[in-house]
Amino acid sequence: MSVVRPNLATHEPHSHAEDEGFFILVGRAEFSLNGEKVVVEKNTSLYCPPNVAHNLRNIGDSDLKYIVIKKYEKK
């Protein structure tokens with residue numbers, strides 16, 4: 001589980017080779033995917049395809065809590 005304080009972001013928009021998903025447990029977030037932004041709240045799932053820029057920013061007044069689901073290729 002990840003926790004982000006109010007008015008902070010996880011990191012700058014970035015991309016990677018793996019699929020990645022998020023499930024918002026608590027709070028209000030701005031999700032950016034390839035420059036498009038959407039506001040989401042608890043009980044929302046989000047998906048990032050490989051090699052697409054993305055990030056999450058807490059736009060609420062309390063902590064944002066979410067689960068990260070990431071697919072890694074077998075080596």
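Trainee: What is the order of the 3 strands in the open sheet?

Mentor: Heads-up, this is a predicted model, where local features need pLDDT of at least 70, side-chain atom pairs count only at pLDDT 80 or more, and totals for chains, interfaces and linings use all residues. Residues are numbered from 1 along each chain as its sequence is written, and side-chain values use heavy atoms, leaving out hydrogens and water. Strands here are DSSP runs of E, at least two residues, numbered from the N terminus, and two of them pair if DSSP finds at least two bridges between them. With antiparallel pairing, the order reads 4-3-6.

Trainee: Why is one side of strand 4 and of strand 6 left without a neighbour in the sheet?

Mentor: Strand 4 covers 36-41 and strand 6 covers 54-58. Both stand at the edges, so each has a single partner strand.

Trainee: How many bridges join strand 3 to strand 4?

Mentor: Strand 3 spans residues 28-33 and runs antiparallel to strand 4. One of the pairs is L33 with E36. The bridge count is 6.

Trainee: Which residue in the hairpin turn has a positive phi?

Mentor: Strand 3 and strand 4 form that hairpin, with 2 residues between them. At about 55 degrees, the positive phi belongs to N34.

Trainee: Which residue in strand 6 does L33 stand opposite?

Mentor: Strand 3 and strand 6 run antiparallel, joined by 5 bridges. Opposite L33 is H54.

How values were computed:
Helices (H or I, at least four residues) and strands (E, at least two) are DSSP runs, numbered from the N terminus.
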